[in-house]
Amino acid sequence: MLSIIPHYTIIVCPNCGLVQYIIEGQKTRKCPNSKCKKTIDLRRVIVYGRTSDIQKAIVMVQKIKEKNHHLEKMKDIRPILDEEDDES
Ligand SMILES: [Zn+2]
């Protein structure tokens, strides 16, 4: 029996750059960064990864944060997530 599994989408706040995961299906979200708190339009942000596994979502966020440390600007970091993307 199949049940509906929530999918998590990895996004980066376009305002402050905070990496975060959201449950798919939402249209907007308020950035959890207390210094930002901007409403993020989830249809207009770059999706960096998708997973149905909450643990994977956390790992992805962590990976992007680590990688982003060495980048001056947020670039296309999707290649570093390829190994996690085993669902598509
Ligand atoms: Zn933000």
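## The core

Eleven residues make up the largest nonpolar core: Tyr-8, Ile-10, Ile-11, Val-12, Val-19, Tyr-21, Tyr-48, Ala-57, Met-60, Val-61 and Ile-64. A nonpolar core here is a set of buried Ala, Val, Leu, Ile, Met, Phe, Trp, Tyr and Cys residues joined through C-beta atoms within 7 Å. A residue is buried if 20 or more other C-beta atoms lie within 10 Å of its own, exposed if 12 or fewer, and partly exposed in between, with C-beta atoms placed from the backbone. E1, E2 and H1 each supply at least two residues of this core.

Those labels deserve a word: helices (H or I, at least four residues) and strands (E, at least two) are DSSP runs, numbered from the N terminus. This is a predicted model, in which local features need pLDDT of at least 70, side-chain atom pairs count only at pLDDT 80 or more, and totals for chains, interfaces and linings use all residues. Residues are numbered from 1 along each chain as its sequence is written.

## The overall plan

The protein has one helix and five strands, and from the N terminus on they run β-β-β-β-β-α. Of its 88 residues, 18% count as buried. Two residues are in contact if their C-beta atoms, placed from the backbone, lie within 7 Å. Among contacts between residues at least 6 apart in sequence, 45% join residues at least 24 apart.

## The sheet

Three strands form an open sheet in the order E2-E1-E5, with antiparallel pairing. Its edge strands are E2 (19-23) and E5 (47-51), each of which pairs on one side only. From one strand to the next, the twist averages 25°; axes are lines fitted to C-alpha atoms, for helices over the stretch in contact, and angles run from 0 to 180 degrees between N-to-C directions. Two strands count as paired if DSSP finds at least two bridges between them. In general, strands of a sheet pair through backbone hydrogen bonds, either parallel or antiparallel.

How many bridges join E1 and E2? Strand E1 (residues 8-12) pairs with E2 over five bridges, in the antiparallel sense. Thr-9 has Ile-22 in E2 as its bridge partner, while Ile-10 stands opposite Tyr-21 in E2. E1 and E2 form a hairpin with six residues between them, and Gly-17 in the turn has a positive phi of about 85°. E1 also pairs with E5 in the antiparallel sense, over four bridges, and there Thr-9 stands opposite Arg-50.

## A closer look at E1

Five of the five residues of E1 are buried, so this strand is largely enclosed by the rest of the structure. Tyr-8, Ile-10 and Val-12 point one way, and Thr-9 and Ile-11 the other way. Not counting residues up to four places away in sequence, Tyr-8 touches Tyr-21, Ile-22, Ile-23, Glu-24, Thr-51, Ile-54 and Ala-57.

Which residues of H1 are buried? They are Lys-56, Ala-57, Met-60, Val-61 and Ile-64. Seen down the helix axis, they fall within an arc of 140°, so they line one face of H1. The arc is that of the directions from the helix axis to the C-beta atoms. What covers these buried residues includes E1, E2 and E5. On the other side of H1, Gln-55, Gln-62 and Glu-66 are exposed.

Ile-64 lies in H1 and is buried, with 23 other C-beta atoms within 10 Å. Ile-64 and Val-12 are 52 residues apart in sequence and 9.3 Å apart in space, C-alpha to C-alpha.

Where does Lys-37 lie? Lys-37 is in the loop between strand E3 (28-30) and strand E4 (39-41). Its phi is near 55°, a positive value in a residue other than glycine. Most residues other than glycine have a negative phi. Lys-37 counts as exposed, because it has 12 C-beta neighbours inside 10 Å.
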